[in-house]
Amino acid sequence: MPPSPPPSSPHPPHAVVTGASSGIGAAVTDRLLTDGWHVTALSRTRPDNRHPALTWHPVDLAAPTGLDQAIGAALPGDAPLDAVVHAAGLQASAPLGALDASAGERMWRVHVHAATVLMDALLHRIPDGGRIVLLGSRTASGVPGKSQYAATKAALPALARAWATELAPRAITVNVVAPGPTDTPMLRDPARATTPPRTPALGRLVRPAEVAALTAFLLGPDGGMVTGQHLVMCGGASLAS
């Protein structure tokens, strides 16, 4: 269940979700809508979900120039945001000696730069007790053939711990949810063909809905004492590394 709005407020809790049109971002969006949230979706393409409590704004999180203005235009006014979930992501894989600098830069812009611009632009809208979740990856610990991707995801726990410390006096929690191989379109992207996914120890891929459930827990009333954490959900994939 989402956190309850103040007794004087007639509005449901409100979350911003990036990357809401596909994969984990779409699953998080669907879960929050089911739980009674209003969701503002920021993504390049429109989500398939047409729920009346979903508002979509086209934003290219890989475009650094004017990103803060684009976020501001998508969220005019000063209505509070109870939560922000940065789920937008992409993956390109290559071994050392064949790295693509442009792919590495694009992943950094979407995973790290966009997270900093997003939170810097929206922090004044988050009331005390609000929640922030960044979608990381189990590969943040380092996986052969994924060095550029892993480096961008490894930056997120550092951001989360720093922000969690800064925002603890306001009871705003900041966490990273880090799934392992998850059954999403990104897993089948040709850009990562050089590193095909391995089935985790528990015998199947992680489901996007499971990642969304963990995210929903962190955003809900029972997640208020978890902050600054890097929560890995990998089906046992980490046991072999």
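Trainee: How many bridges join strand β2 to β3?

Mentor: This is a predicted model, where local features need pLDDT of at least 70, side-chain atom pairs count only at pLDDT 80 or more, and totals for chains, interfaces and linings use all residues. Residues are numbered from 1 along each chain as its sequence is written, and side-chain values use heavy atoms, leaving out hydrogens and water. Strands are DSSP runs (E, at least two residues), and two of them pair if DSSP finds at least two bridges between them. β2 (residues 38–43) and β3 run parallel, and the bridges joining them number 5.

Trainee: Which strands are at the edges of the sheet?

Mentor: The sheet is open, with 7 strands in the order β3-β2-β1-β4-β5-β6-β7. An edge strand pairs on one side only. That holds for β3 (54–58) and β7.

Trainee: Within what arc do the buried residues of α5 fall?

Mentor: Buried means under 20% relative accessible area, with a 1.4 Å probe and protein chains only. In α5 that covers P208, V211, A212, T215, A216, L218 and L219. Seen down the helix axis, they line one face, because the directions from the axis to their C-beta atoms fall within an arc of 155°.

Trainee: Is Q148 buried or exposed?

Mentor: Q148 sits in helix α4 (residues 147–167). A polar atom of its side chain lies 2.9 Å from the backbone oxygen of D100. Its relative accessibility is 17%, so Q148 counts as buried.

Key. Buried means under 20% relative accessible area, exposed over 50%, partly exposed in between (1.4 Å probe, protein chains only). Helices (H or I, at least four residues) and strands (E, at least two) are DSSP runs, numbered from the N terminus. A polar contact is a pair of N or O atoms within 3.5 Å; within protein, one must be able to donate a hydrogen and the other to accept it, and residues adjacent in sequence count only if both atoms are side-chain atoms.
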